[in-house]
Amino acid sequence: MISVFDIYKIGIGPSSSHTVGPMRAAYEFLQAADSNVGLANADGIVVELYGSLGQTGKGHGTGKAVILGLAGELPETVDTDAVDQFLADTESRQELALLGEHTIHFPREGAIIFHRRKTMPKHANAMGLRLYKGDTVIYEDLYYSIGGGFIVRDADFDETLEEAIEQSSKPIPYPFDTAAELLAHCKEHGMRVSSLMLANEKVFRSEEDIRAGLKTIWTTMQASIQRGIATEGILPGGLKVRRRASGLYQKLKMERSSDPMQAMDWVDLFALAVNEENAAGGRIVTAPTNGAAGIIPAVMSYADKFIEKMDDEAVVRFLLTSAAIGILYKKNASISGAEVGCQGEVGVACSMAAGALAEFMGGNPVNVENAAEIGMEHNLGLTCDPVGGLVQVPCIERNAMGAVKAINAARLAMRGSGDHKVSLDKVIKTMWDTGNDMKTKYKETARGGLAVNIIEC
């Protein structure tokens, strides 16, 4: 089972596949190496980044994330305020303490290699690691960062979901691989989507832990909004993008407008705040990726501010419902921009938020499924074309647009009859097919679309 806590993970920006995943992979590699050969026997390490990690990794902070992972840091606990100084010290000394314990030479050139034209066959985000003693490789492995912070070793890549379920000693009460199966369970047992998800989650965690964990997720989302609102200045990287959330907040706070669409300005603000914080390398919640991290917090904040105050129960149900939708995309398509374009990031987040908002507004499972379908249907074909390889243009504004679309999708579904021609399962398959047909240059390589038609400075 894919858990709600797999879909929502606390990490740092700017990219779940390029930052969170590689950091975890570097950390796990050294843990395994220490168990197998002992880090004390090593005096060097080389990390090679392939595909999208090699092509846009410098702009996405992949090299920095790898260093932090090798140093024993994890995305959810690393002190974001200390990162810049630590990286500067590492570069100056050209030394790195593996897992914070065993110090090796770590040269500025050659320790991390970005392959701009080399791709591994199984996935667009590949990362090879080799541990050395002198000129001899004493331990090596290959990892894939498959989106949303998920990582998988090359040796495990071909293991199917069915095999994983068969090996599980704790089968879940309501297994679902498709939206049709999810709806069938809900209908048969008279359950909401969130109730079904909670029952599945309770196989692995106590209800108390689930609720506490989801409350922490929401608290972290809110904190990222507040930091984004409070911070001014220029985002890191060569684009010199100025933060807008703080100025927009000051304007909205002072306005006394009768414009009924002003609520959308607040939605924009919430999304911009999160994704500016993400672009700056701050702490955010992968939802389901970093590049799309602003959509669900923005929609939840909209619901809290303009519909009804979100209590703890509403927060739990919103996150559980949205995670159920995210699981369907994870199982049947992809949430990786490097694999299917931005439809797999902003599109999926929009779909998740739309479905969850429909349940929050009193919708039944059919309304939830319809809203999620509408949310993706109008993001089909969305390319991933970050200018300069940075998660800034068009990524930050794209989150604001995705949040607005999610709200409209939920409202359309709630106003509808429940009868719709395109099912969520069909739109997920279409998204996957579209992603496979999409040229590689439109999938997080910075070699197509806006990335080549906009001057980088």
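These legends describe several close-up views of one predicted model. Residues are numbered from 1 along each chain as its sequence is written, and side-chain values use heavy atoms, with hydrogens and water left out. Local features need pLDDT of at least 70 and side-chain atom pairs count only at pLDDT 80 or more, while totals for chains, interfaces and linings use all residues.

**View 1. Ser 17 in helix H2.**
Ser 17 lies in H2, which covers residues 16-36. Helices (H or I, at least four residues) and strands (E, at least two) are DSSP runs, numbered from the N terminus. Ser 17 is buried, at a relative accessible area of 2%. Buried means under 20% relative accessible area, exposed over 50%, and partly exposed in between (1.4 Å probe, protein chains only). The side chains of Ser 17 and Ser 15 are joined by a polar contact of 3.4 Å. Such a contact is a pair of N or O atoms within 3.5 Å; within protein, one must be able to donate a hydrogen and the other to accept it, and residues adjacent in sequence count only if both atoms are side-chain atoms. Leaving out residues up to four places away in sequence, Ser 17 touches Pro 22, Leu 53, Asn 125, Ser 145, Gly 147, Gly 149 and Glu 444. Contact means heavy atoms within 4.5 Å.

**View 2. Two cis peptide bonds.**
The bond from Gly 13 to Pro 14 is cis, with omega near 10°. Pro 14 is in the loop between strand E1 (9-12) and H2. The bond from Ala 287 to Pro 288 is cis too, with omega near -5°. Pro 288 sits in the loop between strand E9 (283-286) and H12.

**View 3. Gly 281 in its loop.**
Gly 281 is found between H11 and E9. This glycine is partly exposed, with a relative accessible area of 22%. What does Gly 281 touch, not counting residues up to four places away in sequence? Its partners are Ile 12, Gly 13 and Thr 80. Tyr 442 is 161 residues from Gly 281 in sequence and 24 Å from it in space, C-alpha to C-alpha.

**View 4. Helix H11 against helix H12.**
H11 (residues 262-279) and H12 (residues 295-307) pack at an angle of about 140°, with axes 8 Å apart. Axes are lines fitted to C-alpha atoms, for helices over the stretch in contact, and angles run from 0 to 180 degrees between N-to-C directions. H11 and H12 are therefore oblique to each other. Angles under 35 degrees count as roughly parallel, over 145 as roughly antiparallel, 65 to 115 as roughly perpendicular and the rest as oblique. Among the residues making the contact are Trp 266 and Phe 270 of H11 and Tyr 302 and Lys 305 of H12. The contact residues divide into eleven nonpolar, one polar and one charged. Here Ala, Val, Leu, Ile, Met, Phe, Trp, Tyr, Cys and Pro count as nonpolar, Asp, Glu, Lys and Arg as charged, and the others, Gly among them, as polar.

**View 5. Helix H8 against helix H13.**
H8 (residues 193-201) packs on H13 (residues 312-332) at about 80°, with the axes 8 Å apart. That makes H8 roughly perpendicular to H13. The contact includes Met 197 and Glu 201 of H8 and Arg 317 and Leu 320 of H13. Its residues divide into seven nonpolar, three polar and two charged.
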